Structure formats: structure tokens, C-alpha cells
Amino acid sequence: MSEVKIFAGTNSQELAQKIAKSYGKKLGEMTMSKFSDGEMSPSFDESIRGCTVFIIQSTNPPSDNLLELCLMIDAAKRASAYKVCAVIPYFGYARQDRKDRPRVSIAAKLIANMLTSAGADRIMTCDLHAGQIQGFFDIPLDHLNGSAIFAPYLSTLRLKDMIFAAPDVGGVARARSFAKHFEVEMVVCDKHRKRANEVASMQVIGDVEGKDVILVDDLVDTAGTLCKAAQIIMEKGANSVRAIVTHGVLSGKAYENIENSVLEELVVTDTLSLKQQSSKIRVLTVAELFGKAIHAVTGHTSISSLFI
């Protein structure tokens, strides 16, 4: 078996340290040099010849972080690494997975092609915005599920009348999996958008009166949809509303929206670092989940035990 080495991009240093510790290795040494115009030049500060290399980098903001990841993959292949696995806790551009209007890019497919062309032998990620993106890759992809992080936490809350809600039709499968696991009901918030990041109208399909509602989603960006859904659910007679979201993108007025919302709390993971603290935001770590997945990949064992 080849030696395993774990490295981090500049955007995921803190999470990578935790993953490496969970796996039982020190984070590898590398240098990311920059020219005055912003051009990046990565170099590994230790031999990786014949090694299985894991490079950890979330791609948000996407442009520089994605290019940096591709350059690191290319550098590793040119340094004679045996295999290179791109560990992408948050996979940017996953919202652009199809042509939903004329003359637009299918960006998720383009990113898949870029990572493969750069030399990645395997991809490891968590809660893709659209599961079908796995089919955009012609190399193995391990798609981890944040439910393994959230389910134990929800169990500690001991909510009396728990029910799960999807903030939009696209999130029904996620909400249903939690509802099935906890053997409770679910509802759906049907929304209509005028444009990206702006909800025009929304209605709740199902009964939430007297319930402790858990909104489930893969990412929260401006938090407009989440906060509007929470407001409408409370107006329908719910006892409380919480949200569990894997990726806390939290851009624009997201923090302000969350603080001013009726949400009891927003629970996210550390696939992305918070830009600021909030009394309503709780962060759970995915480090152990990824550490176990890396063990399974390098030991050629199943990762099915990591799912609820």
C-alpha cells in the first residue's frame, strides 16, 4: 500500500488540520507562492513520489480556490504521486447542473471536466446541490452525506413534536430521508423565484400546527429562502423552527437576515468557514466523517456505514 499524505489549499486550512488529525496523520507541508498580479504557483515541500495524495479544498469563493485546487492536482501528478484525490467539502458551481433557460452554461459539468483534466484520480465531496452531478465524472466520486453529522445532534434536542420541512421542491428527498430516519412526517415549502437569490412567493404544503419544524437544505446563501420559509411556517402555527444546512455560504445580507428571522437556530457544518459569528448559528464539524472516508478509500473498504 502506498503512503498516504494529506495537504490543504489555502481556503480549507483549519478543516484540513482537523481531517488530518482524525485520520491520524500530520498535514503535509506545501507552499503557495503568488506573483504580484495574483498568479499562483503551488509547490510541495516534501516528496510525494509514489504516494496517495489527498488535497483538501472547498471551492468558495469559486474562482481562485478552484484554480488553486487544479494547480495543486497538476503539481502532485508532475511530482509523481501515485494517486491524487481531490477532497472538496463544498463543491462550487453545483447549482448550475442543467440548462434551465436558453444559452447558459452547465458549469458543474465544466468543473468536473477541469478537475479530471488536471489529473484527479478520485473526488470526495459532501452533499452536492444536485446528486446527478456524480454522473458528470468519469472517475470515482465519493458523495458523503451530512445527515451523519446532523442526526446525532437532532437526537440530543429531544423535540416533542418534530417534523421535517423542505424549503423548496428540490429539497424533498433530503427532508424525506430525515423524516424516515426519525419516523416522523414532513412538509414542503413551494416557492417561486423571479430571479436568483430572490423569492417571489411561497406556500407550505402540509400541516405544521403545534410542531417543532426542522428545515433541511444542502446550502444557505443569502438565507432569503430559509428565513421566508421559517416565517411562513410560524404563521401556520408551528411551535418552533430550526434549520440544518450542510454548507454555510452565507453571502450578502445572510447574517443580518438570520439574526432578524424567527429561526431558533441555524446548524451548519465547517465545510466553509464562517465570515462572522452569530448567536443563532451553530457549527458542527465534518472532520471525522471525512477522516473515516479517507480510511475507507485507502483501506479499500465500504463507506456505506457513514450514512444514516
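Reader: How do the axes of helix α1 and helix α8 cross?
Author: The axes of helix α1, which covers residues 13–23, and helix α8, which covers residues 287–299, come within 8 Å and cross at roughly 50°. Here the axes are lines fitted to C-alpha atoms, over the stretch in contact, and angles run from 0 to 180 degrees between N-to-C directions. Helices (H or I, at least four residues) and strands (E, at least two) are DSSP runs numbered from the N terminus.

Reader: And what sort of model is this?
Author: This is a predicted model, in which local features need pLDDT of at least 70 and side-chain atom pairs count only at pLDDT 80 or more, while totals for chains, interfaces and linings use all residues. Residues are numbered from 1 along each chain as its sequence is written, and side-chain values use heavy atoms, with hydrogens and water left out.

Reader: Which residues make the contact?
Author: On the α1 side you will find Leu15, Lys18, Ile19, Ser22 and Tyr23, and they meet Ala287, Glu288, Phe290, Gly291, Ile294, His295 and Thr298 of α8, where contact means heavy atoms within 4.5 Å. Sorted by class, the contact of α1 with α8 has six nonpolar, four polar and two charged residues. Ala, Val, Leu, Ile, Met, Phe, Trp, Tyr, Cys and Pro count as nonpolar, Asp, Glu, Lys and Arg as charged, and the others, Gly among them, as polar.

Reader: Okay, next pair. How do α4 and α5 cross?
Author: Helix α4 (residues 147–157) and helix α5 (residues 172–182) have axes that come within 12 Å and cross at roughly 45°. That angle makes α4 oblique to α5. The residues in contact are Ser147, Phe150, Ala151, Leu154 and Ser155 from α4, together with Phe178, His181 and Phe182 from α5.

Reader: What about α2 and α3, at what angle do they pack?
Author: Helices α2 and α3 pack at an angle of about 25°, and their axes are 8 Å apart. These two helices, α2 and α3, are therefore roughly parallel to each other. From α2, the residues Leu66, Leu69, Cys70, Ile73, Asp74 and Lys77 take part in the contact, and from α3 the partners are Ile111, Met114, Leu115 and Ala118. By class, this contact of α2 with α3 has eight nonpolar and two charged residues, with no polar ones.

Reader: Changing topic to the backbone: which residues does a cis peptide bond join?
Author: Asn60 and Pro61 are joined by a cis peptide bond, for which omega is about -5°. If you want to locate Pro61, look in the loop that runs between β4 and α2, the latter being residues 62–78.

Reader: And what is phi of Tyr93?
Author: Phi of Tyr93 is near 70°, which is a positive value in a residue other than glycine. You can find Tyr93 in the loop between β5 and α3, where α3 covers residues 107–118.

How values were computed: Parallel < 35°, antiparallel > 145°, perpendicular 65-115°, else oblique.
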